Amino acid sequence: MKRSRINDIMAEADEMIRAHGFVLPPFAYWTPDAFTARREDAAAVIEARCGWDITDYGAGRYDEMGLFLFTLRNGRLADLRRGGGMCYAEKLLISKQDQLSPMHTHVIKAEDIINRGGATLVIELFGSDDAGQFAEDRGGTVWCDGIRCDFDAGEKLRLAPGESVTLMPGDWHAFWGEGGDVLIGEVSTVNDDETDNIFRDPIGRFAEIEEDVDPTHLLVSDYLSWLR
């Protein structure tokens with residue numbers, strides 16, 4: 001993805017987020033130079049990989065297959081392993097109309113996916129086989145706003161604004177906006193985007209960046225190269 005396109009997506013996303021009554025934290029608006037100058041103060045943000053995250057899954061077709069994310073807060077895997085402390089994470093996502101977030105599951109993370117506003121969020125679901133792998137012929141059970149919801153393989157949930165679904169490790173899912181763009185909330189256990197996204201098809205989690213202009217704000221995938 002071109003950096004100029006990423007900058008534009010950030011501006012568009014911030015406008016949509018504000019339109020739905022949310023405001024991102026102050027560090028979201030730091031310039032790269034400000035972030036570099038304050039990297040010691042922001043060590044917890046950097047370590048937790050909070051911040052902007054825009055991906056085309058390495059395919060170069062963002063409008064067709066991609067996702068905007070902003071990690072607001074993220075706990076510590078060490079706390080999760082010992083069963084106490086900061087064991088949670090929270091994100092805002094934007095799924096554009098007909099923009100696919102491809103089929104995947106998680107090994108560790110359980111998550112609530114919440115339609116915070118906009119159009120309808122469609123979530124396609126499959127179950128796992130006995131080894132935890134994608135099973136095209138298996139359904140399962142999820143919880144929609146706390147209510148048990150059994151699904152058949154390939155069934156599509158449609159979440160209106162205010163509705164949510166709880167997904168557990170082994171629940172394979174893909175999603176997209178239907179009828180317009182959707183602002184999504186994600187509340188989950190500790191998030192590890194480096195190792196805990198298991199895709200059905202071999203694709204990348206992060207975009208490859210073409211630096212045609214300077215970044216407006218850093219992506220979480222920029223932290224290693226800019227802030228080390």
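Two strands count as paired here if DSSP finds at least two bridges between them, and strands (E, at least two residues) and helices (H or I, at least four) are DSSP runs numbered from the N terminus. The model is a predicted one, so to speak of local features takes a pLDDT of at least 70, and side-chain atom pairs count only at pLDDT 80 or more, while totals for chains, interfaces and linings use all residues. Residues are numbered from 1 along each chain as its sequence is written, and side-chain values use heavy atoms, with hydrogens and water left out.

Strand E2 (residues 67-74) has partners in E1 and E3. With strand E1 (residues 51-55) it runs antiparallel, joined by five bridges; with strand E3 (residues 88-95) the pairing is again antiparallel, over six bridges. Thr-71 shows up in both: it is the bridge partner of Gly-51, and its own partner in E3 is Lys-91. E2 is mostly covered, too, with seven of its eight residues buried (buried is under 20% relative accessible area, exposed over 50%, partly exposed in between, using a 1.4 Å probe and protein chains only).

Next come the nonpolar cores, which are sets of buried Ala, Val, Leu, Ile, Met, Phe, Trp, Tyr and Cys residues joined through side-chain atoms within 4.5 Å. The largest has 32 residues, and Trp-52, Phe-68, Phe-70 and Tyr-223 are among those with the most contacts inside it. Elements giving two or more residues to this core include E1, E2, E3 and helix H5 (223-227), but helix H1 gives the most, with six. Apart from this core lies another, of 22 residues, including Met-65 and Phe-175.

As for charges, the whole structure holds 19 salt bridges, each a side-chain nitrogen of Lys or Arg within 4 Å of a carboxyl oxygen of Asp or Glu. Arg-3 meets Glu-211 at 2.8 Å, N to O, and these two sit 208 residues apart in the chain. Arg-3 also bridges to Asp-222, at 2.9 Å, this time across 219 residues. Both Arg-3, at 0% relative accessible area, and Asp-222, at 5%, are buried. Shared partners join Arg-3, Glu-211 and Asp-222 into one network.

Finally, the cysteines: a disulfide is a pair of cysteine sulfur atoms within 2.5 Å, and the count comes to zero. Cys-149 is in no disulfide either, the nearest cysteine sulfur being that of Cys-144, 3.7 Å away.
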